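Please look at the structure first, then read on.

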Amino acid sequence: MINNIFRIIFVTVLTFAISIPTAQAVSSSTEKDSTVVAAHNSSVVETTFSLSKDILTNYYKNTDLEKERLTGKTILNTNLLDPKLSNYVEQKIKTKQYVTVAADADKENYSLNFTLLSSEVTKEGVYLSISTEATFNYVGLDEESGFGEISNMFFKNTSSGFMLTDWNMPYDYYDEFVLDQVDNSSQLRTNLTAKDSNIHQRQLELHDKIVDSFSVDQEIGEYHEKDVEVSTANTSALSATLRSLNKKNIVSYARNNIKASPASGNGVVPYYDFSKISGNWDCTNFVSHAILAGGAVVYDTGGSGISGSGWYYRSLSNRSSSWSGVPNLHTFLVNNKTKGPTGTSITYRTFNWNVTHPYVAGDILQFYLGGSYNNWRHSTIITEFYETAQANVVGALVTGRSASGSYNNNQKAETIYPGDAKRVIKLSGYYN
């Protein structure tokens, strides 16, 4: 593992042991050498960024577009990847292609945009952090969808040119499960298949798990009482009034704030990006602000530090765990009868639109991550619906934010953490 890949590189210019007549001459020589080094580094970054864009374009088109799969084009038809990394990526593409087909998630009007977030040139090679943003329509749907993902890549400088020897995507469910990398670390795993003999086995395990999950017929129709997680809160002495939330505003907030630096949900509670903290995502914090945008009030229990009660954010060091924790928000919402938002929890499934509406746009959808993480991992807002291959049977499109450059935009829920459990928190309103 290579640490601190985005540190600033300070270049030390060596001077020869000869007499320099004046300090001005030293300064002039140093500035000249520094300029040469900077120009070289800039050229190297430009070259490797161009290579990265080609690799990423092939990767995403292979996983997302039917015509690329049918023509047999593959990212592995290049000598730019280390063979060990190629083996890993080959299996990853195979699994993601399966998800696209099984979830009926082929895309059209497909566009990719790449942004270089940071770079570092060392004597060993070049580190790049790149944001990929995709926009598209699912085939047969008019709604615009998309996603943002971050790739951290290392190009080794070899005698025959640059070769990509390491590549991770810190917010990608596949890398999280297989590499046991469940934080947003920018650190790369060098020679990943050589370092851990179990990686290939975990790749096969995840693939089989996903295939099995799509092979099981989903229950369609009415939701039953057993599907609802009943509140355990004491309701014997309630005095709070339950008021309705504006779920259209929740949806609007989610759709309008995933890409840029998000705004405060109510203009009062400050927005802090939790992905700036190592090991943290911003997804549940983003959802909390979306609920604020729907009209909810905070429930500040007046504690200090990170409180296990209430639902509020005053500062990074003074807040409730429910504000930004995936399982913590769920626990608060399904038990709250005092102040702030409340709701009920049900298992996510597609449903017959003509029979029942178990959840609506503006409700919350959370995703579980198995493997070594084994907990609820990601929070999103349901923002649209799509009709499945079965007439009148619909599923959810969700929008969420993990970090700057990493987001879901009207994505089919079935394509996010496929193979693991999903649950809806149906927001009932808020107490004041």
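The lining of the second largest cavity divides into five nonpolar residues, one polar and two charged. Here Ala, Val, Leu, Ile, Met, Phe, Trp, Tyr, Cys and Pro count as nonpolar, Asp, Glu, Lys and Arg as charged, and the others, Gly among them, as polar. This is a predicted model: local features need pLDDT of at least 70, side-chain atom pairs count only at pLDDT 80 or more, and totals for chains, interfaces and linings use all residues. Residues are numbered from 1 along each chain as its sequence is written, and side-chain values use heavy atoms, without hydrogens and water.

**Second largest cavity**
- H3 and strand E4 (161–168) each supply at least two lining residues; helices (H or I, at least four residues) and strands (E, at least two) are DSSP runs, numbered from the N terminus.
- The largest share, three residues, comes from H3.

**Whole structure**
- The search finds two cavities of 30 Å³ or more. A cavity is a set of points, on a 1 Å grid over the protein atoms alone, where a 1.4 Å probe fits but cannot get out.

**Largest cavity**
- About 430 Å³ of space lies in the largest cavity.
- Of its 26 lining residues, Lys 96, Glu 149, Tyr 173, Gln 411 and Thr 415 are the closest to the centre.
- Helix H1 (23–64), helix H3 (83–102), strand E3 (145–158) and strand E15 (406–412) each supply at least two residues of this lining.
- The lining of the largest cavity comprises 12 nonpolar, nine polar and five charged residues.

Definitions and conventions:
1 Å grid on protein atoms, 1.4 Å probe; cavity = no way out; pocket = protein on both sides within 12 Å on 5 of 7 lines; lining within 4 Å. Points joined across faces, edges and corners; volume = space filled by probe spheres on them.
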